[in-house]
Amino acid sequence: METNGEAPMPRAATGDLKSRSYRDVNAKRKKKHNRQNSYGPITTKTDVQTPLTDYNPAPHHQHKAFASNGDVYVIVMVGLPARGKTYISHKIRHYFEFFHSTPTRVFNSGQTRRKLIGPKQAHNFFDPENKTGFKLRTQMAEKTMENMIEWIGEYKKNRVLGRIAIYDASNTTRKRRKWIQEKLTPILQSHRHLIFVESICNDPAIIESNIKSVKLNMPDYQGFDANAAIQDFKKRIEHYEKIYEPLDNAYDDKMSWIKLVNGGDALTMNRIKGNLPGHLVTLLMNLHTLPREIYLSRHGKSLYNVQNRIGGDSGLSKRGEAYAKKLATYVEEIVLNGEESVANNASKARLYMSTMLRSRQTTSFIKHNVQKDGWVTMRPRRFAALDEIYAGKFDGMSPEEIKRVAPEESKMREKDKLNYRYPRGESYADAIERVQLVALQLERHRDPVLVVAHNGILRILYAYFMGLSREKVPHLQIPFNTVIKLTPRVYHCEENRELLLTKAEEEKYADVVDGSTEGKEDPKDKN
């Protein structure tokens, strides 16, 4: 999300860091531990938003936001095999858990089948005329539904604020979808809380890509010859095509549904209203199953980095400039090399960066060639949403200075680095929220993208595409002088790291900056 560049609204003022003792504030907290007021007992529980003082007995606290607003939603997948249903299901799950802190789970009928009767079922098992196979598959669908309803029931039992269940199966007939409605309508707040998502694909190239990249890695075809596996799976698709009944306005007008065509080329929706459905549509508009590359790189080492300061908007050091030149060479030889691109459209590569000086200087040596159709390769786009986490009153200070003038703040940050918010600054949780729309843009692109940003921001993007939880974000390693290449796949995300500037090469550029030698910077990440 691009912003106007202004800092977030400040939290309650805590006084001049150099003149006020945080020990006095802490002492007051302990002294008032058992005191009562109209808000109830005041406790010594660490609050990472605003300090507990005589004048603020009930300080502001940042609570988790739930996209579902406390409601239960069920998303039901619809479509033929090899249409990306499972990929979409897991993307929905991770998106709502990562960006909206909403408990979400996928219930896949194929996994239920493999668990109960084993994998490696031949294509004739899925023939609708195979009565034995049809009966078993019906039982697997019912068992998957039972597991999902049981999980939804935990919501009411434990009073968990909102959750999303995803029923991942083909669900290709109107009879099956009617059965799903009959099962779920009694336990949901309204029929609008049941949303069908159909994935349609009539592009042979996309279907073939999905079959080769996904189905050959399924447990059903482990140990199979590749060609034999492909032929068997194509016959399985033919069995489903015999009975396939797509969602249709004439029959399904009263249902809430979203229909995707060819991985987001077209989107149709019916009776979609509300907060969570709106977020769902935004996500689905940007999803596709085609592989492509996302390159992540920290800016080169800045003057503040070598002085062991956090934040600021300083320019590059000599080592940072050396990395910037190495990065430009890497872009020319790797990113723009069509042979290296899985999407084979390297000439359409894009460049994303933050608005900060050190990011702009890091990309200053990258060429921006104009193609015959007018497209500017690696055209730079600056996003305020990619700016580093704002350290507020601590901006430009070293960790040692912060510990000296504000020891309690340092302790609070160490205790909960994800939710800790710098005085008049930001937290990782704040940054995750603003990075969300940039992540969606990266989901949408089918061309290679290079993102040059900062430690905290790249941790967020890396965690999202690697399928990691938001709790792990503050502790990930995103080293300097390294390009991280991510290639999202259906069931996983491939990762490759390449060091562009070695320690030995760095030593050639050591110099003195404001009394500090570049070779003495703390190797530990500070943000």
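**Strand pairs**

Reply: Start with strand β6 (residues 194-200) and β7: six bridges join them, and they run parallel. One partner pair here is Ile200 with Val261 in β7. Keep in mind that this is a predicted model.

Me: What makes β6 and β7 a pair?

Reply: The count of bridges does. Two strands pair if there are at least two bridges between them. β6 and β7 have six, so they meet the definition.

Me: How many bridges join β7 to strand β8, and do they run parallel or antiparallel?

Reply: Five bridges join β7 to β8 (residues 266-270), and the two run antiparallel. Trp257 stands opposite Asn270 in β8. Four residues lie between the strands of this hairpin, where Asn262 takes a positive phi near 50 degrees.

Me: Why is strand β7 called largely enclosed?

Reply: Look at its residues. Five of the six in β7 (residues 256-261) are buried, so the rest of the structure largely encloses the strand.

**The open sheet**

Me: What is the order of strands in the open sheet of six?

Reply: The order is β11-β10-β12-β9-β13-β14, with mixed pairing. The edge strands are β11 (380-383) and β14 (493-499). The twist averages 20 degrees from one strand to the next.

Me: Why are β11 and β14 called edge strands?

Reply: Each of them pairs on one side only. Pairing takes at least two bridges. For β11, the pairing with β10 (residues 350-354) is parallel and has four bridges, so it passes that cut-off. In this pairing, Ser354 stands opposite Phe383 in β11.

Me: Which helix packs on the sheet, and which strands does it touch?

Reply: Helix α16 (residues 455-465) does, and it touches β9 (294-298), β12 (449-453), β13 (482-488) and β14. The direction of α16 makes about 155 degrees with that of β9.

**Salt bridges**

Me: How many salt bridges does a search of the whole structure find?

Reply: It finds 20. Side chains of opposite charge can pair when their charged atoms come close.

Me: How do you know that Lys503 and Glu506 form a salt bridge?

Reply: Set the distance against the cut-off. A side-chain nitrogen of Lys or Arg must lie within 4 Å of a carboxyl oxygen of Asp or Glu. For Lys503 and Glu506 the value is 3.9 Å, N to O, so the pair qualifies.

Me: Where do these two sit, and is each one buried or exposed?

Reply: Lys503 and Glu506 are three residues apart in helix α17 (residues 503-507), so about one helical turn separates them. Exposed means over 50% relative accessible area, and buried means under 20%. Lys503 has 58%, so it counts as exposed. Glu506 has 2%, so it counts as buried.

Me: Why are Glu97 and Arg93 called partly exposed?

Reply: Partly exposed lies between the other two classes, from under 20% to over 50%. Glu97 has 29% relative accessibility, so it is partly exposed. Arg93 has 22%, so it is partly exposed. Their side chains meet in a salt bridge at 3.0 Å, N to O. They are four residues apart in helix α2 (residues 85-100), so about one helical turn separates them.

Me: What is the N to O distance between Arg421 and Asp430, and are they buried or exposed?

Reply: The distance is 2.8 Å, in a salt bridge. Both Arg421 and Asp430 are buried.

Me: Which residues are linked in a network of salt bridges?

Reply: Lys91, Arg292 and Glu443 are.

Terms used: Residues are numbered from 1 along each chain as its sequence is written. This is a predicted model: local features need pLDDT of at least 70, side-chain atom pairs count only at pLDDT 80 or more; totals for chains, interfaces and linings use all residues. Side-chain values use heavy atoms; hydrogens and water are left out. Buried means under 20% relative accessible area, exposed over 50%, partly exposed in between (1.4 Å probe, protein chains only). Axes are lines fitted to C-alpha atoms, for helices over the stretch in contact, and angles run from 0 to 180 degrees between N-to-C directions. Contact means heavy atoms within 4.5 Å.
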